[in-house]
Structure formats: structure tokens, C-alpha cells
Amino acid sequence: MQPAAGIVGRERELAQITAFVSGATPARALVVVGAAGIGKTTLWEAALAHARAADMRVLAARGDVAEAKLSLAGVYDLVGAVADEVLAELPPPQRSALEAALLRSEPGRRAHGPRTLATALLNALRALAKRGPLLVAVEDAQWLDRSSQEALAFAARRLENSATRMLVTVRTGSQSPLAETLAGPDTLRVELAGLSLGATRRLLSQRLDLTPPRRLLLATHAATQGNPLFTLEIGRQLAARGPAQANEPLPIPEDLPSLVGLRVAALPEGTRELLLAAALSARADAETLRTLLGRSLDDDLEPAEREGVAFLRGDRIVFAHPLHAAAVVDAATAAERRRMHGRLAAVSDELEEQARHIALSVEVRDERAAATAHAAARDALSRGAVTAAAELAELAVELGGPGSPEQARRLLDLAAFLRLAGEPARAHEVLAGTAGWAGWPPALEARARGQLLLATYWSDGATAAVELGERMLDEDLSDEVRATVHTYVGGCCEFDLDRAARHVTAALQLLDRPEVDADPGTLAHALGLQVRNGVLSGGGLDSALLSRVVELEGRLPPERFATEALSPYLAVLHKHVDDLETSRRLLKGLLDEATDTGNDVGETVARMHLVLTELWGGDLAAAQAHLSRVDARFEEHGSRNVFLLAVRALVAAHTGDASTVRAVAAALEEEHGAAGAEVYGIYLGAAVGLLELSLGRAEAADATYGALLQLVEAGGHREPGIFRVHANAGEAAVAVGDLERAERIADTLATHADRTGHRWSAASADRVRALVAAARSDTGAAREHAERACAGYEALGMPLERARAVLVAGLVERRARRRGRARQLLEEAARELDRLGAGLWAERAREELSRVSGRAPRGARELTPAETRVVELAADGLANKEIASRLYVTVHTVELHLSHAYAKLGVRSRAQLAARVGRSAAKD
């Protein structure tokens, strides 16, 4: 089931509910537990809608506090409308009891006991379940009248082995006999926590069209603890308030009585003063507050403790809930808040805390406050608090006087901190919104233009960044600025390496001269790009030049960020040149450092490239784990990255997830059109080509790979280990019978291997040549090349590539009619491909295995029940998406079942499938 419209951040819970309702889990009951406003009702209603769409009978009741003592109101809600269908099937005592409960008749002289009614309800549910799947759904069970709960609990304990499922929601911490009855091993329990930070952002965006600055998003998430109801209430206040200034507090809406209410307003003035100081202080320890107020805290704190608003815990004032603190702040006037911030600044001894209080205590631009905030921002960055650094830098910019060199540095730092905090779009806004660079020192202008190009690359892609940079080069620039622009354009121009090399060469002509005192960071950057270009253009890794880059970056002055260094990111190059272990080790080191320092950009880059390193290394699970973390990071910041999307498609292609590959391809094409030679476009093409090859669609795969090789050549990417498409392109060419083109591809790989010593190219050349030789019935040569390919991939630590080479070796032996050896190899390939998670390739191996003796091994041609259902619907003409909807499974699952069925039935098209199913039906 796709996430229901308007439901945000509950994908996992929706999947659990969908699986439960559709019968894909053994659980017979599901209990959803959560606090008020957490989203229980939303999920309950989505489950009911899904059940009804699946033609399930739904009996529903909502608990209500006003009806909690109204006897049997729940039973009436559940079966009142369907009683006519079942009353006649009940024994007279039960029928009478149920009729009385439903107020359809007067009670008889003899009162019906609760057990009689409960048995009547049980049998009524059983009767309905015989007519088709039945869902009994109760919302807010804690408020369902107790007699109804007890009757339902009695029935629930006895409904095993029926087509009835029960769905119950209950508030955290409340008592419910029904929920307690359903606490057994056959019950799936879903505990609703608060939404994630990313889901909170999406909720505000989708419901309110609101995208608050990250500091307000973080504050909202912390205050509401991810509660959707409270988040939306605060979001409405933010939306009504308009663009926020950096020193404005988080608004708390008046309609949250449990959190705002009259308790705070009714507290004595001295108590409110104490609580305001505690709420505004980063460290509300008692001694600091005593110093601030000049008095004992006991008398002021006692009313707050009595009202359950705040408490003294150890030596700190602690609020009962974060929204209590926010409510105290919201209740104070702006003047009261400024005065309190000024008083707190006077007693604060930490730079960051002092800077915040000073900045928030002034009404107009103030250079002293701006300078303090800027110093605190850089201090926060040095401690790894990137988000705090960005917030403080924003304060510094708002407080500083425009036009000064100091303000230029603040703007530059703000943009850098935002990018490091994972907000490239806002970084782009800061730099693009600067009113020209006039009056900026050349060094600052150079860095600002470079950062603008980098921010453009992250937000809009490589082509947009290069076009912007080349427009800059038409301006009258100083040599320092021009060299920096050339460098960044060269770095962004990854889709045309010859063009990138020209820009890097131009930069080095300005920088790398004895008479020029070049900025070490810019020179290192340009030389690092020269290293990168050498690898990508097929020349191998220049270790000596890389050492010089590292040495130059060691000379960066202390005020420059370690994150400006390029050399750690050059770890990505090792995966291109067969050194996966070094790539993995260096990237993990970069990841650990980025995680420790809060460098979101560094973490994201490291994980994105670790996805590819692990993918090439055959660890699909690790690749997917890194991919999920990057996805979550981008979701938090509300940003997207085309490279990430393409890599997601590539991972999906390896695992056989056709729906994801196609969805990503369609989305990118719609948004960006033809990707051309941009890196993300080539990775996306590699995903599409691999999927087609995996599914046995040779012509489509060959067309895709043919176009890809042209793009790779046009972009100057002469290192086959970057995209790793050559071997698959050769395999596709063999599959369509173009053996000469396949030979040329193999020759390209072999020549590259001879020139660089890269073993992947050598092994891949052997794999393609094995297929060519087999197609020409040259069994000896085919066997020799296949064996070398297997050995080569094994030496490289590439189990997925090796398993595919083993598959090729098994194919060669099958064609040579060496059936015993063929079976051994093909079984090994299928087993290993299954283990690695490459389901479609494992099916290809099993398909080849079924041909070894002219028939499948015993039982291999028998379809599973799930495969049978999919095949029958496909034979009836339903599309995969329609089948998935009908069976409540994913499109990917449908495709896997069809792939398995095609192999077992020996068909390759839906027409053949329909004919085969028809013949089977006729025989039956």
C-alpha cells in the first residue's frame, strides 16, 4: 500500500498495518499505542480505508469519553448495522441477548448474563467471517464502555482460526481490558513514537506549505517531541507570524490547554521571573539563577512545583515538559525577554551562551554583539556543533553592520556553516543574495564565489554550477579570484573531463608559479582535481601528486576549516582503481571523523561513496544500509541530490527491485530531462541497463548500454572502473548476437588493464571473451576465459562479480554438454547470488540449471501459491501495479514472482505465460 494521502513519517507503521490487514503476517490482532495527538486515529482510518478497498467487511467503533459509561455502546456501533444478517443464525438465548443489547427488543423476564451476550457477539463475528474477511476495529479502546470491551475481549480470545482480524488503538498509559486481552504472542503491537526530524519537516511542508529555518525546525521538533498535532499547531503560529528573525522565540499556540493553559499565567510574578530565566538559560543550575535573581529560589520555585510546571532536580531547574518552558517564554513580552537575556549574559562564563544572550538582548544592529556571536559560531564549529555554528553565524550577520570586511567574513562563514549543516539550498541563498562583491578583499571574494559554485552544484547539479562559473569568468576578476573560479568549475565539470582539465590547467597556470604566494587551500584543491582527472581519464592514481595535496592542506591556517580539505574525499578514487579495501578504510575514516564533528556534508559524501564501494564489493546489505542513512539525512533537511537518486536506482537494479529503478528514472527524466553525460545520468543508465539485462531483455539492455558507452566516451571517462558498465555492455552485445562489438568492448578492457594494471578490467575482459567464445562454440577458449574471470574477481574481493562469472562458466560447460560440471557451477552461482541478495541473477542461474538435463530438477517447476496467484492475474491481463494492488504486495514482489514463474514454466513473455496457463487449465 502506498502511504495514504496526508500521512507523513509513518511509512514503517503503514507497512505493518498493511501487512496485517492483508493477511501477510500471522498476527490475528494489532494494537496501536500512542500519546494524544501522536497519530493513532490517522493510522486507524488508513487501515479501515485499505481494508474496505480490499473488499473486507469492516466493523468499527470509536471510544468516546462522554460514552465511556454508556453500557454496550461499543457493541451497538460494531454490529448494529449488520445484525439482520446474523441474528437468525444465533441460538434463541444468544439472539435475544444481542437484540436486547442493540435495543431492538425489550429484555425478557430473565436477564441475559454477560457471558451470553459475549457468546452471541462471538458467534455473530464468526458468521460474518464465513462470508469473507472481516476486520473489527476499535479506536480509543480506553474510552469504550467496559461491558463492550469485556464482550469483545471474550470473543477475541476465541476467534483463532477464523478470517477475523482485530485492530485496536489505545492511549499510552491508559487501562483497557480489550487491549490487555490482545497482549499475547498472536498480537502485533505498534508503539507510535514522535515523528523524526525529517518527517516533521515534511509534515509542515505538506500540511502548511511551511519550510522554517533549520533552527526553528529543530526547536519545534525538540519542543513537540515529534507529536504531529502539536507540531502543526506550532507550525500555524510560525506561518501566521511570517519570516522569522534569528532572535525570535518559538511560538506556542494558545489552544494547547494542557501545555499552556492558565497554570503558567496564574503563577506569582517572582515565579514567572525565575521560570523565564530558567527557560532562557542554556544551563539552568540553581547557583547561576540565585546569582542572577539575588535571592533564594525556594519561595519562587514552590508554586511551580505545586502546579507541576517545573521542579528542582539535583541543582537544576527542570520543566515537566519542553512545551512548559516554551510557554513561559512565549508569555513574556519582547522587552522582558531582552532584559532577561542581558542579565543572563552578565552571569554566563561560556562564550557561546554569552554570545547568544548578548545577541538576543539588543534591539538594533550592534557590532559588539555581532563580533561575539561570530566568535562563538567559529568556536561552536571547532567543537563539532555545526547546527549551533550556523545559528550563531546567522545572528552575527543580522547584528553586524553591512559593507564591512567583518560582515563579509560573517556572510562567508554563514554560508559555509549552512552547507556543512546540510542546508546547501540556504547556503546558496545567502551567497546568491549578496549584493555584489564590490569592496570585498580578493581572498574573501574568491572563497565566496567558490562556495557559491559549490552550493549551486549541490542544489542544482553540475551543469548549472559550470554555467554559472563560466559566466563569472567573463567578468573582470583578479588573478586570485579567477584561479579559484577556474578550480571550482573544474571540480564541478565532471560530465566533460576534457573541459574540466582545461579549467584546472588554467587555475594552475595562475597558482602554481614560484612568484605567486598562492592560497594553499586553493592550490591543493586544483592539484587534487588534477589527481582526480588523471584517474577518471584512465591514467591511474598519481600518488606523488596526492602526497603534495596532503602537504599543502597541512599548511591551511587555523581559521580555515578542516572540512575545506579535499584530500580526504580523494578516497573515493581508490574504488575506481580496484583498491576497494583502501577506499572502504579511508571512507570509513572520513565518515567517523564527520560523525564525530557533526559535519553533515562530510558524512553524506562518505556514505554516498561507501554505497558504491560496498556495491562493487558485493555487500548489497551494507550498501543499502548506507543508502538508508543518506536518505534520512536528506529527508531531514528537505533536500534532494540527483547523484543519490541515481545510486539508489543502481543498488535497486542489483537487488532486482525493478519498481524503484523505473520510478527513479521517470522522476529524474521528468525533472531534469535527458541527463546526458552528467555522472548521475550515467549511473542511472547503468541501473536501467543492468535491470534489463537481469530480466533477460537483451535488446533493451543492449540499446541502453550502447548509448551509455557513447556518453562515457563523450565525457572523457576512460577509466572503466568508474561506472563498471563495459562488461555488462559486452554481455548485452553477445545476447543480441553482435559478437564483433562485444569483442571490441573486451579489447578496450584488456588494453586498459595492460596499460594501468587494473585487475577488474582484465577480469571483465575475460568474462566478455568467455561469452563470445561460447557463442562461437570455441569451448576451450570460453572455459579458459571464464576460469580467469572467476579467479580475477575472487582476488579483487568482488563476490557478486565472481558469482556472475561462475554463472558464465556454468553456461559454457552446459553448452559443452559437460552436465555434471555445469550443474555444479550453476548451483554454486545460484546459491551465492541468493546469499548476496541478487535475486534476479539467482533466477537466471536456476533457469540455466533447469536446462542442464532438459528439465528442471524435481519440484523446481512447481509454482508456489504466491507465484500461482500472480501468474493467474498476469494471464488475465492485469498490469504489475494492478496485481500488486489486488494482492496487497509491492510491485517489486510481483516482478520477482513473475521472474520465478517465467523460469519455472520456461516462458519469456506474458503471451506465452497466458498460453501456458491456459493449456494447464485445459489439462486440469
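## Exercises on a predicted model

Arg295 and Glu273 meet in a salt bridge whose closest N and O atoms are 2.7 Å apart. This is a predicted model, in which local features need pLDDT of at least 70 and side-chain atom pairs count only at pLDDT 80 or more, while totals for chains, interfaces and linings use all residues. Residues are numbered from 1 along each chain as its sequence is written, and side-chain values use heavy atoms, with hydrogens and water left out.

### Exercise 1: salt bridges

Find where Arg295 and Glu273 lie, and work out why the pair ties together separate parts of the chain.

Step 1. Start with the rule: a salt bridge is a side-chain nitrogen of Lys or Arg within 4 Å of a carboxyl oxygen of Asp or Glu. Side chains of opposite charge can pair when their charged atoms come close. The count by this rule is 54 salt bridges.

Step 2. Arg295 is in the loop between α13 (286-293) and α14 (298-306), and Glu273 is in helix α12 (residues 269-280), so their pairing ties together parts 22 residues apart in sequence. Helices here are DSSP runs of H or I with at least four residues, strands are runs of E with at least two, and both are numbered from the N terminus.

Step 3. Check the surroundings. Arg295 is partly exposed, with a relative accessible area of 30%, and Glu273 is partly exposed too, at 23%. (Buried means under 20% relative accessible area, exposed over 50%, and partly exposed in between, with a 1.4 Å probe and protein chains only.)

Step 4. Glu743 and Arg776 form a salt bridge at 2.9 Å, N to O. Glu743 belongs to helix α36 (residues 739-756) and Arg776 to the loop between α37 and α38 (779-796), 33 residues apart. Glu743 has a relative accessible area of 32% and is partly exposed; Arg776, at 40%, is partly exposed as well.

Step 5. Now look within one helix. Arg835 and Glu832 meet in a salt bridge of 2.5 Å, N to O. They sit three residues apart in helix α40 (residues 819-836), so about one helical turn separates them. Arg835 is exposed, with a relative accessible area of 56%. Elsewhere, salt bridges that share partners join Arg57, Glu85, Glu89 and Arg131 into one network.

### Exercise 2: an aromatic cluster

Step 1. Apply the rule: rings of Phe, Tyr and Trp (its six-membered ring) pair if their centres lie within 6.5 Å; planes under 30 degrees apart count as stacked, over 60 as edge-to-face and the rest as tilted. This gives three aromatic pairs.

Step 2. Take Phe643 and Tyr683: they pair edge-to-face, with 5.6 Å centre to centre and 70° between the planes. Phe643 lies in helix α31 (residues 642-655) and Tyr683 in helix α33 (residues 679-694), so this pair ties together parts 40 residues apart in sequence. Both Phe643 and Tyr683 are buried.

Step 3. Follow Tyr683 onward: Tyr683 and Phe723 are also edge-to-face, at 4.9 Å centre to centre and 65° between the planes. Phe723 is in the loop between α34 (698-714) and α35 (726-735). Phe723 is buried, with a relative accessible area of 3%.

### Exercise 3: a buried serine

Is Ser764 buried or exposed, and with which residues is Ser764 in contact, leaving aside its neighbours within four places in sequence?

Step 1. Locate Ser764 in helix α37 (residues 759-775).

Step 2. Read its accessibility: at a relative accessible area of 0%, Ser764 is buried.

Step 3. List the contacts (heavy atoms within 4.5 Å). With neighbours within four places set aside, Ser764 touches Ala727, Leu749 and Tyr793.

### Exercise 4: confidence

Where does pLDDT stay under 50, with 11 contacts beyond four places in sequence?

Step 1. Recall that pLDDT is the predictor's confidence in each residue, from 0 to 100. The chain averages 84, and 89% of the residues score at least 70.

Step 2. Find the stretch: residues 257-262 stay under 50, and the model has 11 contacts for them beyond four places in sequence.

Step 3. Read with care: where pLDDT is low, the predicted coordinates should not be read in detail.
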